[in-house]
Amino acid sequence: MEKQNVAYMLRCGDDSLYTGWTNDIEKRLLAHQSGKGGKYTRSRLPVTLVYVESCETKQEAMQREYAIKQLSRASKEKLLVCASNEIELFLQARDE
């Protein structure tokens with residue numbers, strides 16, 4: 001899969017949600033899962049990718065990350081429900 005700017009969310013082992021952005025979701029997800037992705041997720045393994053949103057630019061991905069972080073927990077969960085089909089398609093495309 002080619003690199004692209006994305007905003008993403010992970011569900012951590014303690015059921016908390018982590019939001020970030022990257023231009024290489026594969027590499028970033030592996031880093032999170034191995035405990036090298038970030039201080040927050042390192043102590044909350046395992047992590048599962050639950051949301052991915054493609055963005056045109058790095059700046060757009062960073063802005064979307066910030067916007068998602070400003071949402072309440074309930075709003076983030078609603079976003080995940082609305083995007084559940086999209087994440088399945090993303091994961092399927094990644095595995096092909």
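Ser-16 lies in the loop between β1 and β2. In this predicted model, the residue has a relative accessibility of 11%. Buried means under 20% relative accessible area, so Ser-16 counts as buried. The side chain of Ser-16 makes a polar contact with the side chain of Tyr-40, at 2.9 Å. Beyond its neighbours within four places in sequence, Ser-16 is in contact with Leu-10, Arg-11, Tyr-40, Arg-44 and Arg-73.

Asp-15 is found in the loop between β1 and β2. Its phi is near 75°, a positive value in a residue other than glycine. The two strands form a hairpin with five residues between them. Asp-15 has a relative accessible area of 40% and is therefore partly exposed. Ser-16, by contrast, is buried.

Two of the pairs can be named here. Met-9 has Thr-19 as its bridge partner in β2. Tyr-8 has Gly-20 as its bridge partner in β2. Strands of a sheet pair through backbone hydrogen bonds, either parallel or antiparallel.

Strand β2 covers residues 17-22. Five of its six residues are buried, so the strand is largely enclosed by the rest of the structure.

The sheet is open and has three strands, in the order β2-β1-β3. Its pairing is antiparallel. The edge strands are β2 and β3 (48-55), and each pairs on one side only. From one strand to the next, the twist averages 20°. Helix α1 (residues 25-33) packs on this sheet and touches β1, β2 and β3. The direction of α1 makes about 25° with that of β1.

The wider chain can now be set out. The protein chain has four helices and three strands. From the N terminus on, its elements run β-β-α-α-β-α-α. Of the 96 residues of the chain, 39% count as buried. Among contacts between residues at least 6 apart in sequence, 61% join residues at least 24 apart. The chain exposes about 6,100 Å². Carbon and sulfur atoms supply 49% of that area.

The largest nonpolar core has 10 residues. They are Val-6, Tyr-8, Leu-10, Cys-12, Tyr-18, Ile-25, Leu-29, Val-47, Leu-49 and Val-52. The elements that give two or more residues to this core are β1, α1 and β3. The largest share, three residues, comes from β1. A second, separate core has nine residues. Its members include Val-50, Tyr-51, Leu-79 and Leu-80. In a regular strand the side chains alternate between the two faces of the sheet.

Tyr-8 belongs to the largest nonpolar core, and its bridge partner in β2 is Gly-20. Leu-10 belongs to that core and is in contact with Ser-16.

Glu-65 is found in helix α3 (residues 58-69). At 14% relative accessibility, Glu-65 falls under the 20% limit and so counts as buried. Not counting residues up to four places away in sequence, Glu-65 touches Ala-7, Thr-19, Gly-20 and Trp-21. Thr-19 is the bridge partner of Met-9, and Gly-20 is that of Tyr-8. Glu-65 and Trp-21 are 44 residues apart in sequence. In space they are 6.1 Å apart, C-alpha to C-alpha. The side chain of Glu-65 also makes a polar contact with the side chain of Lys-69, at 3.0 Å.

A cis peptide bond joins Leu-45 and Pro-46. Its omega is about 0°. Pro-46 is placed in the loop between α2 (39-42) and β3.

Key
Residues are numbered from 1 along each chain as its sequence is written. This is a predicted model: local features need pLDDT of at least 70, side-chain atom pairs count only at pLDDT 80 or more; totals for chains, interfaces and linings use all residues. Side-chain values use heavy atoms; hydrogens and water are left out. Buried means under 20% relative accessible area, exposed over 50%, partly exposed in between (1.4 Å probe, protein chains only). Two strands pair if DSSP finds at least two bridges between them. A polar contact is a pair of N or O atoms within 3.5 Å; within protein, one must be able to donate a hydrogen and the other to accept it, and residues adjacent in sequence count only if both atoms are side-chain atoms. Contact means heavy atoms within 4.5 Å. Axes are lines fitted to C-alpha atoms, for helices over the stretch in contact, and angles run from 0 to 180 degrees between N-to-C directions. Accessible areas come from the Shrake-Rupley method with a 1.4 Å probe; for residues, only the protein chains shown count as cover. A nonpolar core is a set of buried Ala, Val, Leu, Ile, Met, Phe, Trp, Tyr and Cys residues joined through side-chain atoms within 4.5 Å.
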